[in-house]
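Biologist: Could you walk me through this one slowly? I am still learning how to read a structure.
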Amino acid sequence: MDSVREGDLVARFSGDEFGVILNNINGIEETIVLADMIRQRIALPFLINGREVFSSVSIGIAMASKDYNEAEEVLRDADIAMYHAKEGTKGIEVFDRSMHTRALTLLQIETDLRHAIERKELCAYFQPIIEIQSMKLVGFESLIRWNHPTKGLVPPGEFIGVSEETNLIIPMTLWMLQHSCEELARWQNQSPSNKNLFLSVNLSGKHFARKDLVTQIRRVLVETQIDPSTLKLEITESAVMDNAEAAIKMLKELKQLGVQLSIDDFGTGYSSLSYLHRFPIDTLKVDRSFVSTMEDGSENGEIVRTVISLAKTLGMNVVAEGIETVHQLHQLRILNCEYGQGYLFSRPVPLPEADTMVDDKLRWQKILPPRVQMKTPQNKPPIQIGLTQ
Ligand code: C2E
Ligand code: MG
Ligand code: MG
């Protein structure tokens, strides 16, 4: 309270949200200075039960003007600016009209998305995962798509963020899990040669943090009757590393269901090796950004080689994401990378096309010339990685 001036008003809206009305202020610069003082003050450590605790703050500023008719409108805009501040790094944002447009767009997507779930406009696409040595189809990753009535097929990048903010990600993921596991069960029951076909499903960090996740996965396993070991859950590196101790607990509980666990987009976050060691993970998925730029001797090629060695040391296998050229495939073969996925094999496809792939699992063998000589580069012995706890 002593960070504001006499005559200013501080009020608590809810939970950890507060509003400050600054009276008699000389323009935006002075407002920002005052907001920054509040920010710095809150950032100072304080003691709770003898323990030092830190807190951060995000501040949104809306300047009163003649354009506003109601106090609520000013509050709404300050709130919008505050959400921008949360996303950014500065901690303070001043409202401008473009933020309002964006907020309206997001609101529109959210409303449409709620209808999409009810109207069954969501659908699963399947991208094949190939065993690199045999060039045989071993499984699929199911990727969500939104069949929008006017916009056509909308990719997940355009709605996963909003669905996470609004918690719609939970019903969406449950739908994806149930629906794609039903297809997996159908494939597996079609022929004994499909029994080991597996399916990877993406989990958002937000969902991963929920206690009821284990019960939800168990329910899908019971209802679809698939062998749990043929379901692979993909979690991004940042989702597990952000709160590693809680992640270990959750991963262990999921593992007890018998499912497999994968770290997605590996290499894009900040993995702590000591934690990686303790995670009951089966697979590392090397991010596309490394695979797409791997050339002989390049830094990214070295990163892929290191990740493969690291995975071997930890008893995990590797899926290389985003393979687009035969050259990349050759290199991954030489590095003994187990599995691959990418446009070279196929883009994600709708169900009927995935069905034809299941019927012809060896169709990718023709990508490689019949007699590819496999050799390990003379000057590049496999990397040895030792980890201690
Ligand atoms: P991801 O899980 O890493 O999935 C791989 C993405 O890379 C997919 O994009 C796929 O189409 C794309 N991709 C695969 N091979 C290639 C390639 O060779 N070249 C290029 N340029 N791209 C390739 P998509 O389907 O747009 O999905 C983007 C992301 O959205 C996914 O990344 C995943 O993080 C998220 N996502 C997709 N479906 C779901 C879902 O059901 N639940 C959740 N939580 N997230 C999902
Ligand atoms: Mg994935
Ligand atoms: Mg990925």
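This is a predicted model: local features need pLDDT of at least 70, side-chain atom pairs count only at pLDDT 80 or more; totals for chains, interfaces and linings use all residues.

Biologist: Where do glutamate 141 and asparagine 202 lie?
Modeller: Glutamate 141 is part of strand β8 (residues 136-148), while asparagine 202 is part of strand β10 (residues 198-203), so the pair ties together parts that are 61 residues apart in sequence.

Biologist: Is glutamate 141 buried or exposed?
Modeller: Glutamate 141 counts as buried, because its relative accessibility is 4%, and buried means under 20%. Asparagine 202, with 25% relative accessibility, counts as partly exposed.

Biologist: Changing topic, how many aromatic pairs are there in the whole structure?
Modeller: A search of the whole structure finds 5 aromatic pairs. One of them joins phenylalanine 126 and tryptophan 187, whose ring centres are 5.4 Å apart and whose planes are at 75°, so this pair is edge-to-face. Phenylalanine 126 sits in strand β7 (residues 122-131) and tryptophan 187 in helix α5 (residues 169-190), so the pair ties together parts that are 61 residues apart in sequence.

Biologist: Are those two buried or exposed?
Modeller: Phenylalanine 126 is buried, with a relative accessible area of 0%, and tryptophan 187 also counts as buried, at 0% relative accessibility. Ring pairs link Phe126, Phe140 and Trp187 into a cluster.

Biologist: What about tyrosine 275 and phenylalanine 279?
Modeller: Their ring centres lie 6.3 Å apart with the planes at 10°, so tyrosine 275 and phenylalanine 279 form a stacked pair. Tyrosine 275 counts as partly exposed at 25% relative accessibility, whereas phenylalanine 279 is buried, with a relative accessible area of 4%.

Biologist: Last one, which ring does the charged end of arginine 347 sit over?
Modeller: The charged end of arginine 347 sits over the ring of tyrosine 343, at 3.9 Å from its centre. Lysine 232 lies over the face of phenylalanine 198, and there the distance to the ring centre is 4.6 Å.

Note on methods: Residues are numbered from 1 along each chain as its sequence is written. Chains are lettered from A and ligands numbered from 1 in the order in which they are written. Side-chain values use heavy atoms; hydrogens and water are left out. Helices (H or I, at least four residues) and strands (E, at least two) are DSSP runs, numbered from the N terminus. Buried means under 20% relative accessible area, exposed over 50%, partly exposed in between (1.4 Å probe, protein chains only). Rings of Phe, Tyr and Trp (its six-membered ring) pair if their centres lie within 6.5 Å; planes under 30 degrees apart count as stacked, over 60 as edge-to-face and the rest as tilted. A charge sits over a ring if NZ of Lys or CZ of Arg is within 6 Å of the ring centre and within 35 degrees of the ring normal.
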